[in-house]
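Please look over the sequence and the model shown here.

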Amino acid sequence: MLSRKNKLRVMKIVSLFSVIRGYNIPIIILAQYLSAIFILAPSKSALSILLDFKLFIVVFASAITIASGYIINSFYDSRKDLINRPNKSMLDRLVSQKTKLQVYFLLNFIATLFAFLVSWRASLFFATYIFLIWFYSHKLKKYTLYGNLIAAFLAVYPFFGILLFYYYRLPLNEIENHTNDLAVIFTHASFLFILLLVREMIKDLENIKGDLANGYQTIPIVYGESVSKISITSLLLLTVIPVYFLISVFDVGYMDIYFYVGFIIMIFFAIQLWKSDSRVQYLQLHNLLKFLIVAGVFCIVLIDPSVLWHGRKLLETI
């Protein structure tokens, strides 16, 4: 039986886990490795990517930087979250703001230091990422559209870290030989960026009460919910462009199944969007979109499922 003191300690650990959204971190790590294996460095063997210590450092630094980003975001959004997410906010408040800031600075220090083991450029890359997350949380997220665009960009920023990890050392003539690979990478990134931007705009509809009370200038507050819904619907239609190239021009293996099913989900999403007018309904749409994004992470393996089979055979021989 745990003592009162130990129970409080456990609750604080749970609280900190909630603040850094620890349930998201494994998905982010998985997404980076799968992207490296199937999209960013398809010419390399999966095993060499998994055993690459420097890549591990880059992924690790990305994960803890994102965790620290959730902390600073929670720090600045504490008043807003009392209105939008009262239950989660009460759990998060079990850890003091001082402790949150201490963990925030510690994680950022570790990320920058570890990245330096890869190169000074990697360290600078993550120092820039840390600054952008802070500047977004402190200033930019309150402004119409800018906040949404920057939030979506920051979500895909770590993947550019892995891209630079594989491509920055290549001479110019060598990069020209990888133009098709780069085109595939940026087309995938465009699709993901649009979905993340839609997610940010849905969050604005979901959190409109808290945003209004704390002076946030989001699209539904400044221009109204109808304009926000029109913008979201337009962005969903815009996904046709990258998906067309991924399915018809580039070779994405069996992942085209994901895109076809994703279109059905997005049509349903758009229909429900125009029927929604409450926080609960917007939250359901937000969760549906998160499911689509997370499913996309796991479906990356459909680009070349034989990698999994070869990996299994390799493990059986060890």
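Which residues make a nonpolar surface patch of about 540 Å²? The patch is made by Leu238, Val240, Ile241, Tyr244, Phe245 and Val249. This is a predicted model, in which local features need pLDDT of at least 70 and side-chain atom pairs count only at pLDDT 80 or more, while totals for chains, interfaces and linings use all residues. Residues are numbered from 1 along each chain as its sequence is written, and side-chain values use heavy atoms, with hydrogens and water left out.

Helix H15 (residues 240–249) gives the largest share of the nonpolar patch, five residues. Val240 lies in this helix. Its relative accessibility is 40%, so Val240 counts as partly exposed (buried means under 20% relative accessible area, exposed over 50%, partly exposed in between, with a 1.4 Å probe and protein chains only).

The largest nonpolar core has 88 residues, of which Leu55, Tyr166, Val198, Ile232 and Tyr258 touch the most other members. Such a core is a set of buried Ala, Val, Leu, Ile, Met, Phe, Trp, Tyr and Cys residues joined through side-chain atoms within 4.5 Å. Beyond its neighbours within four places in sequence, Ile232 is in contact (heavy atoms within 4.5 Å) with Val198, Met201, Ile202, Leu205, Phe269 and Leu273.

The whole structure holds 16 aromatic pairs. The ring centres of Phe125 and Phe126 are 5.3 Å apart and the planes stand at 85 degrees, so this pair is edge-to-face. Rings of Phe, Tyr and Trp (its six-membered ring) pair if their centres lie within 6.5 Å; planes under 30 degrees apart count as stacked, over 60 as edge-to-face and the rest as tilted.

Key:
Patch = residues over 30% accessible without salt bridge, like charges linked within 9 Å, V, L, I, M, F, W, Y side chains within 5 Å. Areas by Shrake-Rupley, 256 points an atom, 1.4 Å probe, with all protein chains shown as cover. Salt bridge = Lys/Arg side-chain N within 4 Å of Asp/Glu carboxyl O. Helix = DSSP H or I, 4+ residues; strand = E, 2+ residues; numbered from the N terminus.
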